[in-house]
Structure formats: C-alpha cells, structure tokens
Amino acid sequence: MKAIIIGGGIGGLSCAIALRKVGWDVTVFEQNENLTETGAGIVLAANAIKALKVLDVADRVQGEGTPVGVAELRTWKGSLLTRLPVEKQAMRYSTPSYLIHRGSLHSILYSHALDIGVTVQLGKKYTGLIDSNEGAEVRFTDGTTAKSDLLVAADGYRSKVRDGLFGHSSLRYSGYRAIRGIGNFEDPRYPLAAGGGFEALGKGTRFGFSHLGKGRIFWFAAINEPEGQGTFLTPEEIKKHALQKFRNWYSPVPAVIEATPPSDILTHSIYDLVPLRKWSKGRITLIGDAAHPMLPNLGQGGAQAMEDAIILANLLRDKPTGEALTEALKQFENVRIPRIRKIVHQSRLMGRLMQLESPMALTIRNTAFRVAVNKLFITRLHPVVGYEPPIL
Ligand SMILES: Cc1cc2nc3c(=O)[nH]c(=O)nc-3n(C[C@H](O)[C@H](O)[C@H](O)COP(=O)(O)OP(=O)(O)OC[C@H]3O[C@@H](n4cnc5c(N)ncnc54)[C@H](O)[C@@H]3O)c2cc1C
C-alpha cells in the first residue's frame with residue numbers, strides 16, 4: 001500500500017515514519033529545495049517526548065535538546081510571580097519537557113525517515129488533486145504527477161489541500177505578533193546546567209527566555225498589535241523594534257535581544273483556525289497544522305502533529321482499502337477532533353490571559369499566578385501533556 005504525504009515539516013515527517021513503521025510504502029513531497037536548519041526553538045512537553053519515543057527518535061532529540069529545569073513567571077520589572085513545579089511534573093510524566101532548535105528536531109526526523117526507507121522528494125510543490133476515486137493522484141507545479149492509495153496532507157496552516165477539499169476557510173488573527181530569536185548568552189542567574197529560564201509578563205506584551213542546547217539560548221516575544229502591522233520589517237528593523245519595546249524590562253531582557261544577530265530573529269503574525277468538523281474525504285486526510293492550526297501558547301502544535309501521525313498509522317496498520325480505508329479515516333477524525341478542539345480552545349484562553357492589557361485584569365491575573373499555579377498550569381494541562389500515544 002502506497003501513501004503520499006504532502007509537506008515535509010514536523011507533521012509530514014512524523015507521519016512518514018509512523019506509516020513506514022506499520023508497513024506502508026511512503027513518499028513525502030516537500031516544496032522546499034532543501035530541508036536545512038531553520039526556525040527557532042520549540043518546546044517539547046511530555047506528550048511530545050512520548051510521541052518521539054514511539055517514532056524511535058526520542059533519545060536523539062533528548063541528546064540534542066536541553067531539559068527544562070527552571071520555569072519562572074515574572075512581571076516585566078522582574079518580580080517573581082511563581083516557579084512552575086517542573087520537577088514534580090517530570091516525576092509525574094517520567095520525563096521533563098525539552099527545548100530544542102526546530103531545525104535539529106527536523107533534521108533528526110528527516111534522517112530517521114530516510115534510514116527506515118521513506119522516500120523524500122524535495123522541490124515538489126503540490127498544486128492540485130487530479131483524482132481521488134481510483135487512487136489519490138496529485139499534480140505538482142513542475143508538471144509531474146504522483147498516485148497512491150492514501151494521501152496525507154501535512155502542508156501547514158495555509159494548506160492548499162485543505163482549501164481544495166473543504167473550500168477556503170479564513171484564519172483567525174490572534175491579536176499579537178511573535179518575534180523569536182536564537183543567540184549565545186550567559187547569565188549566572190540562569191545557568192545552562194539548570195536548563196529552562198523565565199517568562200516575563202507586561203501589558204499586552206510578554207518575553208520568554210530559555211536554554212536551547214548546544215550552548216545556545218532561545219527567546220520569544222508576543223506583542224499585541226493590529227493585524228498586518230510590521231509585516232515588511234527587515235531583520236534589523238525587527239531587532240530595533242524589539243529593543244525599543246523591551247528597553248526597560250527585567251535586566252537580562254534587553255541584553256538578550258542585543259546579543260542576537262538580526263539574521264537569527266524571526267517574526268510572524270499569529271493565527272489559528274476555527275476547528276474544522278471534518279479532516280477527511282475518501283482516501284485523503286489532513287494532519288498537523290493543515291488540519292488544525294492552533295495558537296502557540298501551550299507549545300502544542302508540533303506535539304499534536306506527532307500525535308496525529310501516530311494515531312493515523314495505528315488505525316491504518318492493517319492497510320485497509322476501499323470502504324475500510326474511508327472508515328479508518330473517519331475513525332481518525334472521531335478520535336482526534338474532540339481532543340484537538342479542546343487544545344485549540346485552551347491555547348486561545350491562555351493567550352488571552354498572557355496578553356491582557358487592562359491594569360485591573362493584570363493585577364488579578366498576577367495574583368492568580370501567585371496563588372493558583374498548580375490549578376492553572378498543572379491540573380488544567382494534565383489531559384494535554386499526560387497523554388500516552390499507542391505503541392506502533
Ligand atoms: C511562534 C510559534 C511558536 C511555536 N512554538 C511551538 C512549541 O514550542 N512547541 C510545539 O509543539 N509547537 C510550536 N509551534 C507550532 C508548530 O510549529 C507547528 O504546529 C508545527 O510546525 C506544525 O507542523 P506541520 O508539519 O503540520 O506544518 P509545517 O511545519 O508548517 O510544515 C508544513 C510543510 O509543508 C510544506 N508545504 C506547504 N505547502 C506545500 C505544497 N503546496 N507542496 C509541498 N509542500 C508544501 C512546507 O514547506 C512545510 O515544510 C509554534 C508555532 C509558532 C508560530
């Protein structure tokens with residue numbers, strides 16, 4: 001049985017590995033000409049680490065990343081609001097969360113996929129579906145076509161396959177822009193040996209700092225702003241903008257930004273999508289951001305793409321054909337959509353809480369963080385990060 005996957009991101013490569021593990025013949029088509037080390041840091045909570053174990057790459061990821069040993073919440077001036085009980089969580093889930101460069105995670109997934117016999121074709125941009133009855137046949141911009149028994153769309157949050165299957169649905173703007181950077185920075189208050197770092201909260205603005213592994217640090221900022229503003233900034237202008245925004249903040253913040261080369265700073269407006277009621281049609285299904293773009297406030301987009309991949313492969317391990325394949329894809333939706341809906345919703349709520357602007361609301365929130373850290377960050381998130389994927 002042959003599967004085509006459109007998109008070689010975290011979701012597409014995870015799905016390729018998972019389907020290959022249960023015996024599918026898999027080809028990934030990726031529009032980029034090469035899969036190089038790009039992107040920023042990515043946090044991998046316990047459920048992501050467990051998914052990576054199922055995909056047989058957790059050891060390599062844990063070796064290249066760094067465990068989150070400290071997670072402080074502070075005000076923008078530096079007053080400590082709370083420390084998240086990361087040790088307690090690590091004991092509960094038998095693993096800490098990890099921070100890793102997205103490019104490193106991607107390279108590990110890519111090389112493992114190749115090692116186990118996945119074919120990856122680069123420079124192949126999907127442009128449309130030719131047929132989905134006798135087999136899933138697709139066309140690429142270079143005029144070539146490919147045919148398979150199953151088509152998995154992992155082509156990201158602006159998925160062209162999704163638009164083709166269900167019509168275009170507009171993304172929802174979150175109300176904020178993310179700026180992310182990677183650099184080398186040392187601060188004795190946040191030693192590498194401890195891992196992790198802090199998140200500082202201002203008015204409609206926050207800044208996070210964490211170790212990334214391999215001696216590097218990762219930072220991110222989320223800044224409330226009207227949609228579209230700043231889209232055409234150059235890297236130098238983005239850095240200047242961030243320095244301006246954070247110039248009076250808790251002492252390492254301006255220095256961390258200052259120490260980052262403009263070429264290692266990225267910025268994006270942040271979007272999600274009203275959850276879809278269906279992800280599949282016939283022998284085609286969506287996974288990852290193509291199925292369910294979510295706001296990054298819980299750090300779960302990559303993790304959920306990996307979970308999708310594993311659940312899908314588990315349901316397709318008997319290599320169903322015809323009606324049985326369509327049924328298996330429906331089953332995939334039934335298992336995944338309710339969980340994803342909750343996570344999309346929770347990510348939005350967390351974003352609202354973190355990006356508050358009203359001084360009174362900020363005071364109430366900061367008090368809640370001081371007194372109810374377990375309820376807000378541990379109990380509420382248990383169903384998300386405590387998830388155990390099936391073994392393939
Ligand atoms: C600011 C920010 C911070 C985040 N932080 C975290 C975090 O800490 N932890 C976490 O788990 N998640 C995080 N996420 C979310 C995570 O990055 C995504 O959910 C994840 O990358 C989704 O993977 P994907 O493979 O579904 O999509 P993508 O990573 O977008 O991959 C899609 C792939 O498809 C390719 N493609 C697109 N169109 C075509 C086409 N027409 N033909 C062929 N190929 C195509 C693209 O080139 C790309 O390689 C964050 C997201 C943002 C924006």
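Biologist: At what angle do helix H1 and helix H5 pack, and how far apart are their axes?

Modeller: Helix H1 (residues 10-21) and helix H5 (residues 102-115) pack at an angle of about 30°, and their axes are 9 Å apart. Helices here are DSSP runs of H or I with at least four residues, strands are runs of E with at least two, and both are numbered from the N terminus. An axis is a line fitted to C-alpha atoms, for helices over the stretch in contact, and angles run from 0 to 180 degrees between N-to-C directions. Before we go on: this is a predicted model, where local features need pLDDT of at least 70 and side-chain atom pairs count only at pLDDT 80 or more, while totals for chains, interfaces and linings use all residues. Residues are numbered from 1 along each chain as its sequence is written, and side-chain values use heavy atoms, with hydrogens and water left out.

Biologist: Why are H1 and H5 called roughly parallel?

Modeller: Angles under 35 degrees count as roughly parallel, over 145 as roughly antiparallel, 65 to 115 as roughly perpendicular, and the rest as oblique. The angle of H1 and H5 is about 30°, so H1 and H5 are roughly parallel to each other.

Biologist: Which residues of H1 and H5 meet?

Modeller: From H1 you get Ile10, Leu13, Ser14 and Ile17. They meet Arg102, Leu105, His106, Leu109, Tyr110, His112 and Ala113 in H5. Contact means heavy atoms within 4.5 Å. By class, the contact of H1 with H5 has 7 nonpolar, 3 polar and 1 charged residues; Ala, Val, Leu, Ile, Met, Phe, Trp, Tyr, Cys and Pro count as nonpolar, Asp, Glu, Lys and Arg as charged, and the others, Gly among them, as polar.

Biologist: What makes Arg339 and Glu307 a salt bridge?

Modeller: A salt bridge is a side-chain nitrogen of Lys or Arg within 4 Å of a carboxyl oxygen of Asp or Glu. The closest N and O atoms of Arg339 and Glu307 are 2.9 Å apart, so the pair qualifies. Arg339 sits in helix H11 (residues 322-354) and Glu307 in helix H10 (residues 301-315), 32 residues apart. Salt bridges that share partners join Glu307, Asp308, Arg336 and Arg339 into one network.

Biologist: How many salt bridges does the rule give?

Modeller: The count comes to 14.

Biologist: Why do Arg339 and Glu307 count as buried?

Modeller: Buried means under 20% relative accessible area, exposed means over 50%, and partly exposed is in between (1.4 Å probe, protein chains only). Arg339 has 15%, so Arg339 is buried. Glu307 has 0%, so Glu307 is buried too.

Biologist: What about Asp272 and Arg172: where does each of them lie?

Modeller: Asp272 is in strand S17 (residues 265-272) and Arg172 in strand S13 (residues 172-183), 100 residues apart. Their side chains meet in a salt bridge (2.9 Å, N to O). Asp272 has 0% relative accessibility and counts as buried, whereas Arg172 has 26% and therefore counts as partly exposed.

Biologist: What is the phi of Asp56?

Modeller: Phi of Asp56 is near 70°, a positive value in a residue other than glycine. Asp56 is in the loop between H2 and H3. With a relative accessible area of 44%, Asp56 is partly exposed. The Asp56 side chain also meets that of Lys21 in a salt bridge (2.9 Å, N to O). Lys21 has 32%, so Lys21 is partly exposed as well.

Biologist: Ser94 has a positive phi too, about 60°. Why does Ser94 count as exposed?

Modeller: Its relative accessibility is 64%, so Ser94 counts as exposed. Ser94 lies in the loop between helix H4 (86-93) and strand S7 (98-101).

Biologist: Last one: how do you know that Gly208 is buried?

Modeller: Gly208 has 2% relative accessibility, so Gly208 counts as buried. Gly208 is in strand S15 (residues 205-213). Leaving aside neighbours within four places in sequence, Gly208 is in contact with Phe198, Glu199, Phe218, Trp219 and Phe220.
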